[in-house]
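Please consult the sequence and the model shown here while reading.

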Amino acid sequence: MEKDCRHRSGAPLHRVENGSNQAFDNVLRLQDAFEVFNALSENLTRSYLDLESQVARLSEELAAARNEKLKTLAEKERLANRLQLLLETLPGGVVVIDGQGFVIEHNPVAGRFLGEPLLGRNWRDVLDSLPIVENPHQRLLPDGKTVSLTISPLGDEPGQIVLLTDVTEMRSLQEWADHQRRLSALGEMVASLAHQVRTPLAAALLYASHLTRPDLDVSHRLKFGAKLTERLQHLERQVNDMLAFARMGSLSKEQFSIDDLLAKLAENCEPLMQGKAIEFTVINRSSDDGLHGNGDALLGVLINLVANAVEAVGGEGSICVVVDQPEHQYLDISVSDDGPGISGDVRERIFEPFFTTRSNGTGLGLAIADYVVKAHFGQIWCESEQGYGATFRIRLPLCPGGTPLPGSFSGRSVFMGGVDAAN
């Protein structure tokens with residue numbers, strides 16, 4: 001009977017046990033899968049929260065950066081507006097030039113200074129239309145004002161920026177100050193020359209009194225007459241020096257011929273050579289004949305230098321005046337002698353007013369020569385070594401520039417007094 005019951009119950013007992021184990025394993029695997037899923041879900045949730053936190057932080061940083069950029073842009077816009085207002089209200093002119101030399105931007109003052117239209121013009125053409133006043137950095141405007149030019153590069157960008165400053169009033173004040181200094185120096189000069197004027201004047205009066213004597217013979221009358229004339233000429237030279245120094249700053253300028261200047265020099269210097277064994281030569285090597293300036297004043301300077309050279313060489317020697325043109329834009333004039341030369345300490349002070357090594361000199365001749373040359377935008381200097389003669393060199397610009405100096409003084413009375421007018 002037990003055998004029949006096992007047959008009626010179906011599968012054997014070990015098969016039932018195997019099925020239970022397999023179901024239990026499935027439950028365990030499902031439980032493990034749920035645990036893994038829960039862990040992944042938790043990780044995903046944490047990652048999402050982290051990502052959400054990072055997104056929020058980045059959004060805040062982006063918003064902060066955007067606000068900072070907006071502030072920077074607003075500040076730059078305010079700065080640009082201030083700069084634009086500054087350029088428009090600046091009393092000086094501002095011109096921006098590109099790498100090809102054309103005007104690409106300017107403020108209203110520059111337009112008023114240089115004339116409209118200014119944009120697109122070649123800056124070199126603009127400068128060439130304005131006369132030079134004292135140096136290439138100062139130009140005369142059509143309305144009579146004088147402007148100073150300051151040029152700066154644009155940094156890494158090709159081109160330049162030019163600042164034009166009105167210096168008309170400053171130049172007027174400088175001229176007034178120079179005039180006051182000249183008046184002060186004139187007072188000092190008059191005081192220092194009082195005894196020098198008194199001495200030749202007393203001698204002239206003495207010789208004149210001799211001429212009034214009725215018993216004076218002809219030979220003595222001629223001798224005293226010559227002495228009287230010499231003393232009066234000495235007084236005239238001193239007066240001419242004082243007048244020339246007092247009237248500095250009133251030289252007019254015009255175009256004149258260099259050949260004519262040298263011809264007049266030879267004519268005026270011929271009396272200085274009479275009775276002396278002096279070889280005097282004038283050489284012109286310049287290719288240009290025209291010079292802009294005051295011909296009479298320059299002639300006086302050259303006569304002065306030649307008269308100095310005549311006194312330096314004494315009764316015998318050689319003096320040479322050479323006009324050369326080492327460069328196209330410059331003219332060099334040199335006056336050389338083979339006299340004893342000039343020491344270094346004297347050479348350093350030779351152009352100072354009232355400095356002289358002569359007992360009867362005024363110390364104004366070379367000071368006035370220095371002024372006249374500078375009034376022509378030139379330079380004068382001395383090259384000398386004791387025992388080997390001396391050379392005075394004058395360098396003048398050939399290109400017309402500058403404006404006539406105020407007044408109409410022709411300069412004819414400058415240095416026409418002879419040797420004593422030199423120093």
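A residue is called buried when its relative accessible area is under 20%, exposed when it is over 50%, and partly exposed in between, with a 1.4 Å probe and protein chains only. The model is a predicted one: local features need pLDDT of at least 70, side-chain atom pairs count only at pLDDT 80 or more, and totals for chains, interfaces and linings use all residues. Residues are numbered from 1 along each chain as its sequence is written, and side-chain values use heavy atoms, with hydrogens and water left out.

Ser384 counts as buried because its relative accessible area is 16%. This serine belongs to strand β11; helices (H or I, at least four residues) and strands (E, at least two) are DSSP runs, numbered from the N terminus. The side chain reaches the backbone nitrogen of Ile342 at 2.7 Å and the backbone oxygen of Gly389 at 2.8 Å. Contact means heavy atoms within 4.5 Å. Leaving aside residues up to four places away in sequence, Ser384 touches Gly341, Ile342, Arg347, Gly389 and Ala390.

**The mixed sheet**

Strand β11 is part of an open sheet of 5 strands, ordered β7-β9-β10-β12-β11, in which the pairing is mixed. Its edge strands are β7 (277-284) and β11 (379-384), each of which pairs on one side only. Two strands pair if DSSP finds at least two bridges between them. Direction ignored, neighbouring strands of this sheet are turned by 10° against each other on average. Axes are lines fitted to C-alpha atoms, for helices over the stretch in contact, and angles run from 0 to 180 degrees between N-to-C directions. β11 pairs with β12 (residues 390-397) in the antiparallel sense over 6 bridges, and Glu383 stands opposite Thr391 in β12.

**Helices on the mixed sheet**

Helix α7 (residues 258-273) packs on this sheet and touches β7, β9 (316-324) and β10 (330-337), its direction making about 175° with that of β7. Helix α8 (residues 295-313) lies across β7, β9, β10 and β12 and runs at about 155° to β9.

At the start of α7, a side-chain oxygen of Ser257 comes to within 3.3 Å of the backbone nitrogen of Asp259. The buried residues of α7 are Ile258, Leu261, Leu262, Leu265, Cys269, Leu272 and Met273. An α-helix has 3.6 residues a turn, so residues three or four places apart point the same way. The cover over the buried residues of α7 includes β6 (254-257), β7, β8 (290-293), α8, β9 and β10. In α8, 17 of the 19 residues are buried, so this helix is largely enclosed by the rest of the structure. Gly275 follows α7 and has a positive phi near 80°; Gly314 follows α8, also with a positive phi near 80°.

**Cysteines**

How many disulfides does a search of the whole structure find? The search finds 0 disulfides, a disulfide being a pair of cysteine sulfur atoms within 2.5 Å. Cys269 is buried at 0% relative accessibility, and Cys382 is buried with a relative accessible area of 12%.

**The antiparallel sheet**

A further open sheet has 5 strands in the order β2-β1-β5-β4-β3, with antiparallel pairing. At its edges stand β2 (103-106) and β3 (138-140), each with a single partner strand, so one side of each is left without a neighbour in the sheet. The twist from one strand to the next averages 30°.

Within this sheet, β1 (residues 93-97) and β5 (residues 160-166) pair over 5 bridges in the antiparallel sense, with Val95 opposite Val162 in β5. β4 and β5 are likewise antiparallel, over 7 bridges, and Leu149 stands opposite Leu164 in β5. The hairpin of β4 and β5 has 6 residues between the strands, and Gly155 in this hairpin takes a positive phi near 80°. β3 pairs with β4 (residues 146-153) in the antiparallel sense over 3 bridges; Gln138 stands opposite Ser148 in β4.

How values were computed. A polar contact is a pair of N or O atoms within 3.5 Å; within protein, one must be able to donate a hydrogen and the other to accept it, and residues adjacent in sequence count only if both atoms are side-chain atoms.
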